[in-house]
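Colleague: I'm new to reading protein models. Could you walk me through this one, question by question?

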Amino acid sequence: MKKHLYSWLIVFGCLLSVSCQQEDIDAYDKAKDYIYIDIPYVLDNFGRETDSRVDSIAYSFALDDLSVKDTIIHVVVKKIGVPAMKDCPYTLELVDEKTTATSNLWNPEVLENRSIKSGKMADTVAIRIKRALILRDQWMQIGLRLQPNEYFETGYANLQEVKISFSDILSRPSWWGSWQSIFGEFSREKYQKWIEIYYLGADPKLASNGTPYYWNNMPSYPMESWYPITYSYIRMLREYFEKNEVYPDGDSSKPRIRIPFAN
């Protein structure tokens with residue numbers, strides 16, 4: 001008898017739990033559909049998603065070829081619930097106080113007339129950001145925020161806003177000082193060409209910690225006898241600037257860029 005009573009209590013408890021959970025879901029879903037921005041997750045050192053979201057969607061043109069003039073940042077807006085059998089407009093507005101990018105640097109008209117299409121659960125907003133000289137000196141930002149309307153309530157509180165940050169800043173790397181006698185004064189043009197020439201995988205030699213040498217993991221000291229492969233790529237860099245007239249920021253009134261390494 002006690003055994004049967006205990007079994008019925010378990011069943012009743014499960015039913016009560018399911019009922020409570022369903023009430024919570026209904027309270028969230030029934031009145032309207034909900035909407036949120038699917039902000040990317042932070043990745044760990046192995047490229048795996050963590051439980052945290054990024055502070056902003058960031059992009060730098062710094063490592064792109066100079067021929068790259070713009071790029072697309074995708075902002076994904078999703079709904080909670082089930083697909084609707086009609087187009088459902090939503091409102092994605094510009095947050096002025098969190099925006100420093102002027103309209104000539106991106107396409108604000110893309111925010112107009114947004115909707116999640118019939119039978120779909122998401123919409124992708126293609127933000128086209130443009131490369132400009134001002135980005136070499138500062139980061140620009142675009143702040144976006146969802147607003148409720150007759151079709152949608154806003155869902156997850158921490159996923160209602162997104163910040164897009166972009167620049168073209170190529171900073172002097174920490175290793176440059178140790179190698180300045182070889183490379184000379186830092187310039188964007190030298191560094192970009194070095195990144196292109198001494199790419200990851202170009203040098204089979206490994207550092208003491210087992211990581212490969214390349215533009216972002218240089219040997220600690222410039223010693224040709226220890227790092228002959230690195231120096232072979234430095235010669236390629238020097239040859240490039242000997243054969244091509246390259247000036248800082250394309251300004252021919254400035255001294256031509258050269259590599260002082262002479263061996």
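Colleague: Among contacts in the protein with a separation of 6 or more, what share comes from residues 24 or more positions apart?

Modeller: Contact here means heavy atoms within 4.5 Å. This is a predicted model, where local features need pLDDT of at least 70 and side-chain atom pairs need 80 or more, while totals for chains, interfaces and linings use all residues. Numbering starts from 1 along each chain as its sequence is written, and side-chain values use heavy atoms, with hydrogens and water left out. Of the contacts with a separation of 6 or more, the share from residues 24 or more positions apart is 67%.

Colleague: How many helices and strands does the protein have?

Modeller: Both are DSSP runs numbered from the N terminus: helices are H or I with at least four residues, and strands are E with at least two. Counted that way, the protein comes to 4 helices and 12 strands.

Colleague: Is threonine 154 buried, partly exposed or exposed?

Modeller: Threonine 154 lies in strand β11. Leaving aside neighbours within four places in sequence, its contacts include Tyr34, Ile35 and Gln160. Buried means under 20% relative accessible area, exposed means over 50%, and partly exposed is in between, using a 1.4 Å probe and protein chains only. Threonine 154 has a relative accessible area of 26%, so the word is partly exposed.

Colleague: Now the sheet with the order β4-β12-β10-β7: how many residues of strand β12 are buried?

Modeller: This open sheet has 4 strands and mixed pairing, with β4 (57–60) and β7 (91–94) as the edge strands. β12 pairs with β4 in the parallel sense over 4 bridges, and with β10 in the antiparallel sense over 6 bridges. Strand β12 (residues 161–167) is largely enclosed by the rest of the structure, because its buried residues number 5 of the 7.

Colleague: And what is the bridge partner of leucine 94 in β10?

Modeller: β7 and strand β10 (residues 140–147) pair in the antiparallel sense over 4 bridges. In β10, the partner of leucine 94 is leucine 144.

Colleague: On to the helices: at roughly what angle do the axes of α3 and α4 cross?

Modeller: Axes are lines fitted to C-alpha atoms, for helices over the stretch in contact, and angles run from 0 to 180 degrees between N-to-C directions. The axes of helix α3 (residues 188–197) and helix α4 (residues 228–243) come within 10 Å and cross at roughly 130 degrees.

Definitions and conventions. Two strands pair if DSSP finds at least two bridges between them.
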